[in-house]
Amino acid sequence: MSSSGSTYGDIHRYEPPRESTAAAIAIVLLTFVQIVFVSLFVYGLAANWAIAGLDGGDGNILLGFLLSAIFINLGFILLLYRKEFLPDVMIVKKRRRKWEDLYINEEDVEGTTLVDSAGAWDTVKRAIYPYYKR
């Protein structure tokens, strides 16, 4: 679905989300796996696996793997949610020329001298606040 409007803020393209049942089931299953990983991590912290260590002091490594599994699993949950349940919307934005963000006007593209006829203080004010004259 596209609109022909080209004014700022108009919706250029809108694609509704797919909302598939398989993605919803996958998100629920990944959420249960997330709960298991988080509970194992919290139990490992409470049981001092990192300090006492498991057989040979590998408790710190195990807690690191659990923490990485937590964030990777969370990333997959958010990826599925964004892909399947959020709409794809493109909004018309105001296009600016390259020099507009950096300079006051087209004549100042080459830069100005440090001291000019307006005085050094006015030059410093323009350098700090580039949209001084607008």
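In which helix does Ala26 lie? Ala26 lies in helix 1.

## Model and conventions

This is a predicted model, in which local features need pLDDT of at least 70, side-chain atom pairs count only at pLDDT 80 or more, and totals for chains, interfaces and linings use all residues. Residues are numbered from 1 along each chain as its sequence is written, and side-chain values use heavy atoms, without hydrogens and water.

## Overall build

The chain contains four helices and two strands. Both are DSSP runs numbered from the N terminus: helices are H or I with at least four residues, strands are E with at least two. From the N terminus on, the order is β-α-α-α-β-α.

Of the 134 residues in the chain, 15% are buried. Buried means under 20% relative accessible area, exposed means over 50%, and partly exposed lies in between (1.4 Å probe, protein chains only). The chain exposes about 10,600 Å², and carbon and sulfur atoms supply 64% of that area. Accessible areas come from the Shrake-Rupley method with a 1.4 Å probe; for residues, only the protein chains shown count as cover.

Contacts (heavy atoms within 4.5 Å) can also be sorted by sequence separation. Among those between residues at least 6 apart in sequence, 66% join residues at least 24 apart.

## Helix 1

Helix 1 covers residues 21–46, 26 residues in total. From first C-alpha to last it reaches 38 Å, close to the 38 Å expected at 1.5 Å a residue. The expected span is 1.5 Å times one less than the number of residues.

Ser20 caps the N-terminal end of helix 1. A side-chain oxygen of Ser20 lies 3.3 Å from the backbone nitrogen of Ala23. Just after the helix, Asn48 takes a positive phi of about 60 degrees.

The buried residues of helix 1 include Ala23, Ile27, Gln34, Phe41 and Gly44. Ala26 is partly exposed, at 26% relative accessibility. Its C-alpha atom is separated by 8.3 Å from that of Ile77, 51 residues apart along the chain.

## Glu84 in helix 3

Glu84 is placed in helix 3. At 9% relative accessibility, Glu84 counts as buried. Neighbours within four places in sequence aside, Glu84 is in contact with Pro17, Arg18, Glu19, Ser20 and Ala23.

## Aromatic pairs

The structure holds two aromatic pairs. Rings of Phe, Tyr and Trp (its six-membered ring) pair if their centres lie within 6.5 Å; planes under 30 degrees apart count as stacked, over 60 as edge-to-face and the rest as tilted. Tyr43 and Trp49 are edge-to-face, at 5.7 Å centre to centre and 85 degrees between the planes. Tyr43 is exposed, with a relative accessible area of 52%. Trp49 is buried, at 16%.

Tyr81 and Phe85 have ring centres 6.0 Å apart and planes at 25 degrees, so this pair is stacked. Both residues lie in helix 3 (residues 59–85), four residues apart, about one turn of the helix. Tyr81 is partly exposed at 41% relative accessibility. Phe85 is partly exposed too, at 23%.

## Nonpolar core

Which residues form the largest nonpolar core? Its five residues are Phe41, Trp49, Leu63, Leu66 and Ile70. Helix 3 gives the most to this core, with three residues. A nonpolar core is a set of buried Ala, Val, Leu, Ile, Met, Phe, Trp, Tyr and Cys residues joined through side-chain atoms within 4.5 Å. In soluble globular proteins, nonpolar side chains tend to be buried together.

Note on methods: A polar contact is a pair of N or O atoms within 3.5 Å; within protein, one must be able to donate a hydrogen and the other to accept it, and residues adjacent in sequence count only if both atoms are side-chain atoms.
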